[in-house]
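Trainee: I have just opened this one and would like a walk through it. Where do we start?
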Amino acid sequence: MESRRFSSSLSLLAALTVLCLCMGVRSQLSTNFYAESCPTVFKVVRGEVADALKKEARMAASLLRLHFHDCFVNGCDGSVLLDGSDGEKFAFPNQNSVRGFDVVDSIKTAVENECSETVSCADILAIAARDAVVLSGGPSWKVHLGRRDGLVANQTGANTNLPAPFHSINTIINKFAAVGLDITDVVALSGGHTIGRARCMAFRSRLLSFSPTGSADPLLDSTMASELRSLCLQDDDGSTAVALDRSSVNAFDNHYFSNLLNQRGLLSSDQGLFSSDEGVAATKDLVEAYSKDAGLFLKDFANSMIKMGNISPLTGSAGEIRKNCRVVN
């Protein structure tokens, strides 16, 4: 009996230790981290993001995706930006997917001109993602800052940790859970697909692989399937990009969820949130709620972005402040 009590006490102590460590790391991030060392950082980043979106509205989704793909591998440490054949940007889920590195370079240069060797690339990604959403009509949130940049990329982690458009809903839920995110985060952050595009290669199997006769996915609206076939089946390399939310291409709104109710989700992983057996059990109710209440979606999305931005940041003396986001100092 005494040994069992001792074992239970040790387990409780270990759990509390992990909790305190996590809270300690998160407490080092703050919304006013650069208030004295770089007070103009928000203005500078906003200006650069605005310029980028004027040139290409699609860049909003690209900057949002960069932050997401960064945080899911090694935590939010800017490692997705590192060059090199073993870099995360060359992992399978990121090939022909992540983009916007030149925009990040421009932001970094502008920030360095204001505050040399002060603001991390990881923090630039977090601010730029927020600004990209705001400038597309989406919600704002207070970005917690103080992350430092990682010293290594993790291509293997990118290949295993990132959700893919062909993954089942349960697989995606598990990948989110592995980094401390829950089902609400899965659905809310999936709503980021209200902006951006996907290449035909990411969903082409839905157009011709669902029976011996090569019919389309029965969970895909037949009219939409026909339209997509005309766009994609003559595209040999699958590089044609199609809007994820064809009802409001560049507007950050809740139309993405209305599309799912009408079987007009572009990716299998999108439509699965509402129509798959796993989705019906876990995520369908939230999809319906967000389709009816834009305010609820925007609020939950902002909260989930804050949570995601807190995934395993490097703080204090860990890592470094890169001078060039593409290479370690």
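Mentor: Let us start with a term: two residues are in contact when they have heavy atoms within 4.5 Å. With that, residues 24 or more positions apart account for 74% of the contacts in the protein chain that have a separation of 6 or more. This is a predicted model, in which local features need pLDDT of at least 70 and side-chain atom pairs count only at pLDDT 80 or more, while totals for chains, interfaces and linings use all residues. Residues are numbered from 1 along each chain as its sequence is written, and side-chain values use heavy atoms, with hydrogens and water left out.

Trainee: What does the secondary structure of the protein chain come to?
Mentor: The chain has 15 helices and two strands, taken as DSSP runs numbered from the N terminus (helices are H or I with at least four residues, strands are E with at least two).

Trainee: Changing topic, where does UniProt place the "binding site" feature?
Mentor: The unreviewed UniProt entry places it at Thr-194, Asp-245 and Asp-253. Although these are spread over 60 residues of sequence, they cluster in space, with a largest C-alpha distance of 9.7 Å. Such annotations may be inferred rather than shown by experiment.

Trainee: Is Asp-245 buried or exposed?
Mentor: Asp-245 is buried, because its relative accessible area is 1%, and buried means under 20%, exposed over 50% and partly exposed in between, using a 1.4 Å probe and protein chains only. Asp-245 sits in the loop between strand E2 (241–243) and helix H11 (255–261). Leaving aside neighbours within four places in sequence, the residues in contact with Asp-245 include Thr-194, Asp-253 and His-255.

Trainee: And what about Asp-253, which residues does it touch?
Mentor: Not counting residues up to four places away in sequence, Asp-253 touches Thr-194, Asp-245, Ser-248 and Phe-297. Asp-253 is also in the loop between E2 and H11, and is buried, with a relative accessible area of 14%.

Trainee: Back to the whole chain, how much of it is buried?
Mentor: Buried residues make up 47% of the 329 residues in the protein chain.
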